[in-house]
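Keep the viewer open and try each task before you read its solution.

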Amino acid sequence: MSEIELVDVQAGYGRAAPVLRGFSVSVPAGSVVCLVGPNGAGKSTVLKVASGLLSPRSGRVMVGGKDLTGAGPQKMLAEGVALVLQGHSVFREMTVEENVLLGGYTLNDKAAKSRRAKFVQELFPVVGERWRSLAGLLSGGQQKQVEFARSLMVDPKVVLLDEPSMGLDPKATSTIFEQVARMRDAGTAVLLVEQNARRALQTADLGCVLDLGRVHISGPAADLLADPQLGELYLGGRPAEKPPVP
Ligand SMILES: Nc1ncnc2c1ncn2[C@@H]1O[C@H](COP(=O)(O)OP(=O)(O)OP(=O)(O)O)[C@@H](O)[C@H]1O
């Protein structure tokens, strides 16, 4: 079953020509789908439509089989779609605990809230270890994990990740993708937009190449990675040659 699905979506800004022109994507339960495409292709626009920040001009947004086209961000969150924005959005002067608990401010059941807080600390160990620290003292990669933990407080069906590795060094980027895989393994469907497309596709189950507002090609992430033409066009060059067999 698909946790979130965009069907034949047209969307854009103001009176300008549409950015998405008949775009469709489906994120199955328990999977990571990575959106790839050139700068300005509309990847972030897909996440805006999926999170309710931008209403499509036509087409549908389905969540767990329910038609939520035109629902705003609060309704989408209440229906289980959480967005983790590009860049860093932790409150640096607040503790990790305060930042994470903010994600659960809509939860009225105190016991459920503390169970959930325990769960996210176990899922992202560094969050548990730095629970009482000021968030501003954490590294960029650690702060990103605090954002992941905050988004999972409401136990969303779907998490939308906009460029989670932005500004991180290669080691922190690796950790972040390991944590994305853990989110998926814990049962969350993930729709991911990443500049670092090759690395993201190594974690993703499915990939979708967006160009000129439509799906150029989609399929198993491993197949996209292995396609030399896609590599040249969208993934920053061919995959590294395998060393010759001695
Ligand atoms: N708030 C906005 N108002 C008007 N136009 C916008 C707005 N946000 C994005 N656009 C335009 O929509 C198009 C797609 O932008 P979008 O950010 O979705 O692309 P992207 O694929 O995520 O790009 P990048 O890889 O550079 O982040 C671009 O031409 C951009 O200028």
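Which residues does Cys34 touch, not counting residues up to four places away in sequence?

Before the solution, two notes on conventions. Residues are numbered from 1 along each chain as its sequence is written. This is a predicted model, where local features need pLDDT of at least 70 and side-chain atom pairs count only at pLDDT 80 or more, while totals for chains, interfaces and linings use all residues.

**Exercise 1: contacts of Cys34**

Step 1. Take two residues as in contact if their C-beta atoms, placed from the backbone, lie within 7 Å.
Step 2. With that cut-off, Cys34 touches Leu192, Glu194, Ala200, Leu201, Ala204, Gly207 and Ala221.
Step 3. A residue is buried if 20 or more other C-beta atoms lie within 10 Å of its own, exposed if 12 or fewer, and partly exposed in between. A nonpolar core is a set of buried Ala, Val, Leu, Ile, Met, Phe, Trp, Tyr and Cys residues joined through C-beta atoms within 7 Å.
Step 4. The largest such core has 67 residues, and Cys34 is among those that touch the most other members, together with Val33, Val46, Ala50, Leu160, Leu191 and Leu192.

**Exercise 2: work out the strand order of the open sheet**

Step 1. Strands are DSSP runs of E with at least two residues, helices are runs of H or I with at least four, and both are numbered from the N terminus. Two strands pair if DSSP finds at least two bridges between them.
Step 2. Start with β1 (residues 2-11), which is joined to β2 (residues 20-28) by seven antiparallel bridges. Leu6 has Val25 in β2 as its bridge partner, and Val9 has Phe23.
Step 3. Five bridges, again antiparallel, link β1 to β4 (residues 58-63). Here Ile4 is partnered by Val63, and Gln10 faces Ser58.
Step 4. Two bridges then connect β4 with β5 (residues 66-67), also antiparallel. Val63 pairs with Lys66. Two residues lie between these strands in their hairpin, where Gly64 has a positive phi near 55°.
Step 5. Put together, the order is β2-β1-β4-β5. β2 and β5 are the edge strands, as each pairs on one side only.

**Exercise 3: is helix α1 enclosed or open?**

Step 1. List the buried residues of α1: Lys43, Thr45, Val46, Leu47, Lys48, Val49, Ala50 and Ser51.
Step 2. That is eight of the nine residues in α1 (residues 43-51), so the helix is largely enclosed by the rest of the structure.
Step 3. Look just past the helix, where Gly52 takes a positive phi of about 85°.

**Exercise 4: check the length and cover of helix α6**

Step 1. For cover, twelve of the 13 residues are buried. They pack against β6 (81-84), α3 (96-102), α4 (110-123), α5 (125-129), β7 (158-162) and α7 (170-185).
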